[in-house]
Amino acid sequence: MAKPQLRFAPSPNGYLHLGHALSALVTWDAAKKLGGTAHLRIEDIDLNRCKPEFTEAIIEDLHWLGLDWPEPILIQSERFDLYAEAANRLRDMDLIYPCFCSRTEIAEASTGTDPDGAPLYPGTCRHLSNAERIERLERGDPVQFRLDVEKAMDRVGMLTFTVVGPTVLDRPQVRYARPERWGDVVLQRKDVPTSYHLSVVVDDAAQGITHVTRGRDLEAATDIHVLLQMLLGLQSPIYFFHRLLLGDDGGKLSKSKGSQSLRDLRREGWTAEDVRRAVGF
């Protein structure tokens with residue numbers, strides 16, 4: 001039987017903080033308990049925010065924590081052609097359509113929110129005629145491409161995925177996926193030919209990932225990933241959702257909130273053992 005394969009996949013758009021340390025340590029600990037391998041993946045599809053210096057810092061911080069991984073590291077920005085190929089397979093199934101709406105237009109037209117709290121896309125461009133789509137594409141209007149979730153669900157039917165918890169060694173349980181609560185998600189952004197949802201599914205399959213460890217804040221996103229796996233004929237991993245570290249405001253630690261980085265803590269005299277203790281390892 002093949003060894004379990006896991007991955008830690010940070011985005012190099014800032015320095016790692018304690019929340020990232022927890023996620024990384026959960027992944028390597030799970031790999032050890034399962035007798036498997038933990039991989040490092042760099043999810044840098046956001047070319048405007050992701051920087052090489054942050055990738056270098058991620059590698060340095062993880063080594064400082066005592067973690068290692070097989071080489072070479074998978075770098076998403078080197079794989080845009082593979083994500084575009086997967087999107088084209090969905091396009092051939094007539095499951096992707098162009099969307100020309102701005103964020104402001106979506107917010108004004110939306111009547112609900114997705115699981116992340118963002119305005120739920122109301123499906124405006126799903127109803128454009130082919131002639132309108134062709135005209136706007138030829139005109140060069142800014143465009144992103146969305147998955148027609150209702151049509152996709154009609155194609156695959158009821159969806160389930162497997163989870164374990166509260167530890168990675170617990171008995172697997174089946175859970176139902178509900179992709180419809182996300183609306184028609186973006187699969188190809190205006191600036192790059194992919195999105196988080198599409199690239200993570202393609203890469204989990206390419207790396208043979210058998211177990212995905214992710215924070216509870218990404219639990220709902222699994223709905224979309226399971227749907228894409230089914231549409232593309234890819235194997236679904238087993239999922240384990242770990243606890244989050246919360247800041248003084250009660251929210252999760254975040255780069256955007258300026259949560260103190262591991263590099264800052266190291267400058268203050270913290271050791272790797274101090275970090276492990278602080279996050280429960």
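Pro166 is located in the loop that runs between S6 and S7. In this predicted model, the peptide bond joining Gly165 to Pro166 is cis, with omega at about 10°. A cis peptide bond is also found from Glu71 to Pro72, where omega is near 0°. Pro72 belongs to the loop between H2 and strand S3 (74-75).

Pro166 also takes part in the lining of the second largest pocket. This pocket holds about 370 Å³ of space. Its lining is made up of 21 residues, of which Pro166, Thr167, Val168, Phe240 and His242 are the closest to the centre of the pocket. Four elements each supply at least two residues of the lining: helix H1 (18-34), strand S6 (160-164), strand S7 (173-176) and strand S10 (238-242). The largest share comes from H1, which provides five residues. Sorted by class, the lining consists of 10 nonpolar, five polar and six charged residues. Residues of the lining come from both domain 1 (1-72 + 245-280) and domain 2 (78-207 + 218-233), and the second largest pocket therefore lies between these domains.

The largest nonpolar core comprises 47 residues, and those with the most contacts inside it are Leu90, Cys125, Leu147, Leu187, Leu198 and Leu227. Two or more residues of this core come from each of helix H3 (80-92), strand S4 (96-99), strand S5 (144-147), helix H6 (149-156), S6, helix H7 (196-206), helix H8 (222-232) and S10. The contribution of H8, six residues, is the most from any element. Apart from this core lies another, of 31 residues, which includes Leu18, Ala21, Trp69 and Phe240.

With neighbours within four places in sequence left aside, Leu187 is in contact with Leu90, Ile96, Phe145, Arg146, Leu147, Thr194, Ser195, His197, Leu198 and Leu228. Of these partners, Leu90, Leu147 and Leu198 are themselves among the residues with the most contacts inside the core.

Asp81 is part of helix H3. Its relative accessibility is 54%, above the 50% limit, so Asp81 counts as exposed. Between Asp81 and Pro193 there are 112 residues of separation in sequence, yet the C-alpha to C-alpha distance is 8.1 Å. Asp94 occupies the loop between H3 and S4. Although Asp94 is not a glycine, its phi is positive, at about 60°.

Thr55 lies in helix H2 (residues 52-64). With a relative accessible area of 15%, which is under the 20% limit, Thr55 is buried. When residues up to four places away in sequence are not counted, Thr55 touches Pro12 and Ile42.

Key: Residues are numbered from 1 along each chain as its sequence is written. This is a predicted model: local features need pLDDT of at least 70, side-chain atom pairs count only at pLDDT 80 or more; totals for chains, interfaces and linings use all residues. Side-chain values use heavy atoms; hydrogens and water are left out. On a 1 Å grid over the protein atoms alone, a cavity is a set of points where a 1.4 Å probe fits but cannot get out, and a pocket is an open set with protein on both sides within 12 Å along at least five of seven lines; lining residues have an atom within 4 Å of a point. Grid points are joined across faces, edges and corners, and a volume is the space filled by probe spheres set on the points. Ala, Val, Leu, Ile, Met, Phe, Trp, Tyr, Cys and Pro count as nonpolar, Asp, Glu, Lys and Arg as charged, and the others, Gly among them, as polar. Domain bounds come from an automatic or database domain assignment. Buried means under 20% relative accessible area, exposed over 50%, partly exposed in between (1.4 Å probe, protein chains only). Contact means heavy atoms within 4.5 Å. A nonpolar core is a set of buried Ala, Val, Leu, Ile, Met, Phe, Trp, Tyr and Cys residues joined through side-chain atoms within 4.5 Å.
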